[in-house]
Amino acid sequence: MYNSLEPCRILDTSKSQDGPLLAGETRSVQVIGEVDLTPQGGESAKGCGIPGFVKGLPQAQAIVLNVVAKNGSGKGTITAWAADREMPGRPTLGFGGRGLLSNVAFGSVVALRQDGSGDDISLQASGAVDVVADVVGYYSSARDLLDNVKPGAGPGKGSKAAALD
């Protein structure tokens, strides 16, 4: 089930404590739950409204990100993936040149870590670059949602959830 969100900045390396993503560096960041995103350059000290774990079960399986590359050192790629998995062979975004804004990937679906033991997603760049990432939605399983729904709640009662066919 897809759940839309107002765009919420989870990462801006130009404002983060760690600075730009360097070539070959893997950086893992937090996304879910009520977590302070400001050390990683995010805008919220209370998270983006993506549910964490209930009774040890993940309530979100993937997020939808808009990813921006800026201030790149040249041509390269950025790859995002679930922090508890192997890095995929296909990048999320390609960027080129040394301009302020190198490229944008809209609506990239990135799986989330599912074991609750650390950061949620990892990113790696093939060249030094600042990365900005905004969450615009997340996917949750309908079963997990049904297990936690209160009587009388649901679509038409203020919910932003939409079923996928």
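In the predicted model, the side chains of Asp 134 and Arg 9 are joined by a polar contact of 2.6 Å. Asp 134 lies in strand β10 and, because its relative accessibility is 15%, under the 20% cut-off, it counts as buried. When neighbours within four places in sequence are left aside, the residues in contact with Asp 134 are Cys 8, Arg 9, Val 64, Leu 65 and Asn 66.

The largest nonpolar core comprises 32 residues, among which Ile 10, Ile 63 and Ile 121 touch the most other members. Two or more residues are given to this core by each of β1 (2-12), β5 (62-70), β6 (76-82), β7 (93-95), β8 (101-111), β9 (121-125) and β10 (130-139). In soluble globular proteins, nonpolar side chains tend to be buried together.

Four strands form an open sheet in the order β2-β9-β6-β7, and their pairing is antiparallel. Because β2 (26-29) and β7 stand at the edges with a single partner strand each, one side of each is left without a neighbour in the sheet. Direction ignored, neighbouring strands of this sheet are turned against each other by 20° on average. Between the antiparallel strands β6 and β9 there are five bridges, and the bridge partner of Ala 82 in β9 is Ile 121.

Key. Residues are numbered from 1 along each chain as its sequence is written. This is a predicted model: local features need pLDDT of at least 70, side-chain atom pairs count only at pLDDT 80 or more; totals for chains, interfaces and linings use all residues. Side-chain values use heavy atoms; hydrogens and water are left out. A nonpolar core is a set of buried Ala, Val, Leu, Ile, Met, Phe, Trp, Tyr and Cys residues joined through side-chain atoms within 4.5 Å. Buried means under 20% relative accessible area, exposed over 50%, partly exposed in between (1.4 Å probe, protein chains only). Two strands pair if DSSP finds at least two bridges between them. Axes are lines fitted to C-alpha atoms, for helices over the stretch in contact, and angles run from 0 to 180 degrees between N-to-C directions. A polar contact is a pair of N or O atoms within 3.5 Å; within protein, one must be able to donate a hydrogen and the other to accept it, and residues adjacent in sequence count only if both atoms are side-chain atoms. Contact means heavy atoms within 4.5 Å.
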